[in-house]
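Subject: Structure handover

Hi,

Here is the structure I promised to pass on. Have a look at it first, and then read on for what turned up.

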Amino acid sequence: MDNYLEALLLNMLFLFVFLLFIPHVVETNLKNLSSKKKKIIFLAAAIVAIISCMSFPFRIGNEIIMDLRSVAIIVGGLYLGRQASVILVGVLLIYRLYLGGLGSGFYATLIVSMIVLFFLILLVNVFEKATKKKKIIIACYISLLTNAFVLIVRSTIFNQPFSSLLMAASTFLLLHFLSTFFIVYFSEVIRETVFVNKRIIKAEKLEIVSHLASSISHEVRNPLTVVKGFLQLLNQNDLPEDKRKRFIELSLQEIERANDIIRNYLTFAKPAPEKSEILDLKQELNRSIEVITPLANMNCVKIHTEIDIFYLIGEPQLLQQCFINIIKNCIEAMPSGGNLFIKTEEINGEILIEITDNGKGMTNEQLLRLGEPYFTTKGREGTGLGMMVVLKIIEIMNGKLDVTSNINEGTQFKIYLPKNVENYKKVTSV
């Protein structure tokens, strides 16, 4: 009995590891792989599952020696397609030949394998387009039908009366049915989770683009409106020459201002460099403020700064992204306008950046969950990924973040970053 349970649990472990765990790891951690390479990995995992199950069979009563190889073939074939189904069945037959040679057992396996292959080729397209519920039904239907043929073939080839196999047959069919059901069910749950995560990340990117687009269009429209007004004035014939030159000069200045706004956004959008460098904190903060100022203007938020010159080590784009995410959250916490204060100072050999708003604030429960993926105080308008990114960037820079907040009073972010320029210069000069 112990050997029976041990072998059965081993078979289940093989199925879950090679048909669920490995595909999940590939989908979540190897996103840059092409779909073709992913299919090759899934196919290899299914082949290993078949060989592993066949290497550790178990006995039901005194009648049937079995394993769960057919579950791996059915699941692998349905998800990977006709060509993979043929390969899986071919591997099964070759390994069965290796284990037992030619004989009645091999011919029984050959007959059943052809039946399984027939159903897979017939239903693989239907399975691919089906809903989760229908996929489970199709897979379980193939499992029950093919394993019923297994019992019929065994009864025919080995001359065993079907009635004597009845008790063992029930267990045989039930094990395959449940195994197929759970493997397909969890496969679909994992696929749905991965799909939803991708949609959330895509929605976050679109939201950022939407915010940037609306703010930059609002800010660029101001200098363009000024230029339009001056051009209309320049069209007047009786305009004095000195005013004409002055209007042209102001128009050029406004065009240059619009160009600066666009350049700042493009600079922010470039990929971050992969190596650290010495950064001027005042310069990086001012760049971040320039990028976010249009959004502040749209929300009637006034930004007050008290920024000193400090030098630190980091990646400029990452640091700017950190500042922009925090400042953006502060601005959005003041939908009716307010004041945003940004201050820097040195405390105990560390650089402190304080970013404070007088917005709606957060509760203690919300503060404890700050930085959790998909937790947000913005309702349907946010995803919570912004603060998660902030915490990661500060962690990369060996810093720390303290946040205090009170409802209807505001929130204060304190970012502590190491002042390590001297050590960096020593290392890079060696």
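Which residues do ring pairs link into a cluster? They are Phe 16, Phe 181, Phe 182, Tyr 185 and Phe 186. Before I go further, please keep in mind that this is a predicted model.

More on the rings, then. Searching the whole structure gives 11 aromatic pairs. One of them is Phe 16 with Phe 186, a tilted pair with 6.4 Å centre to centre and 55° between the planes. This pair links distant parts of the chain: Phe 16 sits in helix α1 (residues 2-29) and Phe 186 in helix α7 (residues 166-234), 170 residues apart. Phe 16 counts as partly exposed because its relative accessibility is 28%, and Phe 186 is also partly exposed, at 34%. Phe 106 and Tyr 107 make an edge-to-face pair, 5.8 Å centre to centre with 70° between the planes. Here Phe 106 is buried, its relative accessible area being 11%, whereas Tyr 107 is partly exposed at 42%.

Two lysines are worth a click as well. Lys 135 lies over the face of Phe 127, 5.4 Å from the ring centre. Lys 400 does likewise with Tyr 416, at 5.2 Å from the ring centre.

Now the overall picture. The protein has 13 helices and nine strands, and 43% of its 430 residues are buried. If you take contacts between residues at least 6 apart in sequence, 71% of them join residues at least 24 apart.

On to the nonpolar cores. The largest has 58 residues, and the members that touch the most others are Leu 15, Leu 19, Leu 68 and Ile 142. Elements giving two or more residues to this core are α1, α2 (35-55), α3 (69-80), α4 (82-100), α5, α6 (132-157) and α7. Which of them gives the most to this core? That is α5, with 10 residues. As for Ile 142, if you skip its neighbours within four places in sequence, this residue is in contact with Ile 74, Leu 78, Phe 119, Leu 120 and Leu 123. Another core lies apart from that one and has 36 residues, including Leu 319, Ile 355, Ile 394 and Leu 401.

Even so, α5 has a kink of about 50°, centred on Leu 123, and Leu 123 is one of the residues in contact with Ile 142.

Compare that with α10 (residues 316-332), where 17 residues reach 24 Å from first C-alpha to last, close to the 24 Å expected at 1.5 Å a residue. α10 is mostly covered, with 16 of its 17 residues buried.

Is Asn 299 buried or exposed? Its relative accessible area is 18%, and buried means under 20%, so Asn 299 counts as buried. Apart from neighbours within four places in sequence, Asn 299 is in contact with Ile 331, Met 334, Pro 335, Ser 336 and Gly 337.

Cheers

Technical notes:
Residues numbered from 1 in each chain as written. Predicted model: local features only at pLDDT ≥ 70, side-chain atom pairs only at ≥ 80, totals over all residues. Heavy atoms only, no water. Buried < 20%, exposed > 50% of the residue type's maximum accessible area, 1.4 Å probe, protein only. Contact = heavy atoms within 4.5 Å. Bend = angle between axes of the 7 residues up to and from the residue. Helix = DSSP H or I, 4+ residues; strand = E, 2+ residues; numbered from the N terminus. Phe/Tyr/Trp six-rings, centres within 6.5 Å; stacked < 30°, edge-to-face > 60°. Lys NZ or Arg CZ within 6 Å of the ring centre and 35° of its normal. Core = buried A, V, L, I, M, F, W, Y, C linked by side-chain atoms within 4.5 Å. Expected span 1.5 Å × (residues − 1).
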